[in-house]
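Welcome, and take a moment to look around before reading on. The report below goes from the whole chain down to single residues.

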Amino acid sequence: MGLFDKLKQALTKTREAITDKLAAVFKPGRKLDKVLLQELEDVLLSADVGLETTEHLIAQLQEAGRKAGPEADADSLLRQEVVKLLKEAEGTPPPPGNPHVVLIVGVNGTGKTTSIGKLGKYLTTQGKSVMFAAADTFRAAAVDQLQIWGQRSNITVIAGESNGDSAAVAVDALQAAQSRGVEVLLVDTAGRLHNKSNLMQELEKVSRVLNKRSSGAPHEVLLVLDATTGQNGLNQAREFTRTAGVTGLILTKIDGTAKGGVALAIARTMSIPIRYVGFGEALDDFDVFDAEKFAQSLLGERAEATA
Ligand SMILES: Nc1nc2c(ncn2[C@@H]2O[C@H](COP(=O)(O)OP(=O)(O)O)[C@@H](O)[C@H]2O)c(=O)[nH]1
Ligand SMILES: [Mg+2]
C-alpha cells in the first residue's frame, strides 16, 4: 500500500464523518444557497473544523459562489477552498544546521517519542544520518521506549541517567553527533514536570545550552499535537508556541479520530506550518504534510450523484 493510500485509510473516520454528510449536502441540482451553506456549516463543525475556520470557509464559498453564478458547483468550490486553506499550513523547512538539531516538544502522550522514531526512519530513507537524544529524563520508561525505536531503524540513542539533567543529555548528544559527523539530531523532551512553568524553563534551558555549543541550534522546534484532542489541542499549541519558540507541528493520531478537520483550524488560526502527520503506531505511519494529499484524503472522492 502506498503512503497516499495509507493516509487515506487513516483518515477514514474523519472522512466518514464528513463525506457521507457532504454527499447529502451536495445533492445534484442543489443551489448554493443559504440552506445549503447552513447544512455545510453543521458538517464542518462536527468534524472539528472549529467555528472561526468554518465561518471563514462558508464566507469564501459564498463569495466564490457569487462569482461563479447560478451554475456554481458547490462541491468543487469547497474542495478548492479547503486546498487553499491547507496550503497556508505548508511550510518550507529552515536551512539545515550542521548537525541539524530538532527539538521535539509537546504534552505527555501526544506522540513525541513515537514521532521521533518515525521521523528518524523517514530521514534515514532520505539518506540522512540520524541520532536520537533521550532528553526526557523525567519518566524512567521514556528512555527505554526511545531505545526501542532506535533499534528498529539502527539509529544511535544517547541517554543519561533517569531523573538526570535533560540539558546535559542534550549537550552530550550534540557533542556525539558533532564528533561522529551525524547530520540530524532529534531531541526527545519531557511533556510534564512538576508544574508547567518548570517544563517551559527546562525546554528553554535545553535550547540555551544547545545554542551555546552550536550557533542556530535548535534549528527546529517541532510541537507534537494529538489530533484526537481537537480544539483543546489547539489551545495547548498556542501556549507552547508562546513560550517554547515552536517552528512547526507534527499532527499525530489522525487515524483515531473523526476530528481530522482540526487540521483546517490549525492552518487557518495558527501561523505555524504543519510539517508532518502521524497516522498509526507503526514505523511507516508517517508522512510529510502535503495540502493537496491531505485535502483529498479528508474529503474523499467527489460526492457522486446518487439519485
Ligand atoms: N493511533 C496512533 N497512535 C499513536 C500515534 N502516535 C503515537 N501514538 C500512540 O500514543 C501513545 C503515546 O505516544 P508516545 O510517543 O509515548 O507519546 P509522548 O508521551 O508524547 O512521547 C502510544 O501508545 C503511541 O503508540 C499515531 O499517529 N496514531
Ligand atoms: Mg515520550
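## Words to start with

A residue is called buried if 20 or more other C-beta atoms lie within 10 Å of its own, exposed if 12 or fewer do, and partly exposed in between, with C-beta atoms placed from the backbone. Helices (H or I, at least four residues) and strands (E, at least two) are DSSP runs, numbered from the N terminus. Two residues are in contact if their C-beta atoms, placed from the backbone, lie within 7 Å.

This is a predicted model, in which local features need pLDDT of at least 70, side-chain atom pairs count only at pLDDT 80 or more, and totals for chains, interfaces and linings use all residues. Residues are numbered from 1 along each chain as its sequence is written, while chains are lettered from A and ligands numbered from 1 in the order in which they are written.

## The whole chain

The chain holds twelve helices and eight strands. Its radius of gyration, 21 Å, is close to the 19 Å that the globule rule gives for 307 residues, so the chain is as compact as a globular protein of that length. (The radius is taken over C-alpha atoms, and the rule is 2.2 Å times the number of residues to the power 0.38.) Along the principal axes, the C-alpha atoms fill a box of roughly 65 × 40 × 30 Å.

Of the 307 residues, 47% count as buried. Among contacts with a separation of 6 or more, 77% are between residues 24 or more positions apart.

## Two pairs of helices

Two packed helices are described by the angle between their axes and the distance between the axes. Here the axes are lines fitted to C-alpha atoms, for helices over the stretch in contact, and angles run from 0 to 180 degrees between N-to-C directions. Angles under 35 degrees count as roughly parallel, over 145 as roughly antiparallel, 65 to 115 as roughly perpendicular and the rest as oblique. The axes of helix 2 (residues 12–25) and helix 3 (residues 34–46) come within 9 Å and cross at roughly 175°, so these helices are roughly antiparallel to each other. Helix 2 brings Ala17, Ile18, Lys21, Leu22 and Val25 to the contact, and helix 3 brings Leu36, Glu39, Leu40, Val43 and Ser46. By class, that contact has seven nonpolar, one polar and two charged residues. (Ala, Val, Leu, Ile, Met, Phe, Trp, Tyr, Cys and Pro count as nonpolar, Asp, Glu, Lys and Arg as charged, and the others, Gly among them, as polar.)

Helix 4 (residues 51–68) and helix 11 (residues 262–269) have axes that come within 9 Å and cross at roughly 85°; they are therefore roughly perpendicular to each other. Glu52, Thr53 and His56 of helix 4 meet Leu264, Ala265, Arg268 and Thr269 of helix 11. Helix 11 is mostly covered, with six of its eight residues buried: Val262, Ala263, Leu264, Ala265, Ile266 and Ala267. Their cover includes helix 4, helix 5 (74–87), helix 10 (230–244), strand 6 (248–252), strand 7 (274–278) and helix 12.

## Around ligand 1

How many residues surround ligand 1? There are 19, and the closest are Gly111, Lys112, Thr113, Thr114 and Gly278. A residue is near a molecule if its C-beta atom, placed from the backbone, lies within 6 Å of it. By class, this shell has two nonpolar, twelve polar and five charged residues. Helix 6 (residues 112–125) gives the most to the shell, with three residues.

In the loop between strand 1 (100–105) and helix 6 sits Thr110. With 26 C-beta neighbours inside 10 Å, Thr110 counts as buried. Leaving aside residues up to four places away in sequence, Thr110 touches Gly191, Val224, Leu225, Asp226 and Thr252.

## Backbone details to look for

Most residues other than glycine have a negative phi, and most peptide bonds are trans. Asp48, in the loop between helix 3 and helix 4, has a positive phi of about 65° although it is not a glycine. Asn154 is not a glycine either, and has a positive phi of about 60°. Asp48 is buried, with 27 other C-beta atoms within 10 Å, whereas Asn154 is exposed, with 10.

A cis peptide bond joins Asn98 and Pro99, with omega about -5°. The bond from Ala217 to Pro218 is also cis, with omega near -5°.
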